[in-house]
Amino acid sequence: MGDSHRLEYVWIGVVVAMLAGFTLILAYTSEAKGYGTPDSAVTCDVKKLEEQITPGVRQLGPGIYEVNLVGAQWSWNPNRIVLENPKKVIFRITSADVLHGFEIVGTSVNVMVMPGYIAEIEWMPPEGLEGDLLIVCNEYCGLAHHQMKATLTIVRG
Ligand SMILES: [Cu+2]
């Protein structure tokens with residue numbers, strides 16, 4: 001066995017050690033640190049959406065709102081949302097047909113909307129934020145994708 005073979009075994013050892021290292025890091029972060037993929041996805045039945053989500057705004061408390069939305073080619077329901085002095089907004093969003101993207105332009109709200117799943121996100125609107133905000137679909141969903149928009153109006157006072 002010549003020198004070239006010895007180097008092959010050294011490199012095999014290096015690769016195996018790296019794989020073992022990565023596996024240990026994955027095991028450590030998932031078990032000890034609790035990092036992982038979302039395992040609490042809320043599913044829904046696209047054929048019975050009306051039983052599982054009622055589009056519209058519900059006030060849960062002072063400044064706390066739940067906004068339920070359904071995206072479908074090519075609109076958001078509701079397409080006009082008005083919130084008075086919102087402190088915390090819980091969005092529950094699903095799709096009635098294909099993949100959509102829910103984005104409130106200029107904010108941190110941006111979530112993928114998949115048929116069969118209800119995306120749930122919490123948003124604390126910045127205190128100075130008021131007026132009309134544009135909601136768009138940011139996942140290409142067909143011919144009139146560019147027209148799929150809605151308005152969120154934040155009223156302060
Ligand atoms: Cu779209």
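This is a predicted model: local features need pLDDT of at least 70, side-chain atom pairs count only at pLDDT 80 or more; totals for chains, interfaces and linings use all residues.
Author: Residues are numbered from 1 along each chain as its sequence is written, and side-chain values use heavy atoms, with hydrogens and water left out.

Reader: What is Ile104 in contact with, leaving aside neighbours within four places in sequence?

Author: Contact means heavy atoms within 4.5 Å. On that basis Ile104 is in contact with Phe91, Val109, Trp123, Leu133, Leu134, Ile135 and Leu152. Ile135 is 31 residues from Ile104 in sequence, yet their C-alpha atoms are 4.5 Å apart.

Reader: Why does Thr153 count as buried?

Author: The relative accessibility of Thr153 is 10%, so Thr153 counts as buried. Thr153 is found in strand 11, and its contacts beyond four places in sequence are Arg80, Ile81, Val82, Leu83, Gly131 and Asp132.

Reader: What makes a set of residues a nonpolar core?

Author: Such a core consists of buried Ala, Val, Leu, Ile, Met, Phe, Trp, Tyr and Cys residues joined through side-chain atoms within 4.5 Å. The largest here has 25 residues, of which Trp76, Phe91, Phe102, Ile104, Trp123 and Leu152 touch the most other members. Among the elements giving two or more residues to this core are strand 7 (100–104) and strand 11 (149–155). Another core, of 5 residues, lies apart from it and includes Cys44, Ile53, Val70 and Ile118.

Reader: Why is Val14 described as partly exposed?

Author: Val14 has a relative accessible area of 30%, and is therefore partly exposed. Val14 is placed in helix 1 (residues 3–31).

Reader: How far apart are the centres of domain 1 and domain 2?

Author: The centres, taken over C-alpha atoms, are separated by 44 Å. Domain 1 covers 1–36 and domain 2 covers 42–155, with bounds that come from an automatic or database domain assignment.

How values were computed:
Buried means under 20% relative accessible area, exposed over 50%, partly exposed in between (1.4 Å probe, protein chains only). Helices (H or I, at least four residues) and strands (E, at least two) are DSSP runs, numbered from the N terminus.
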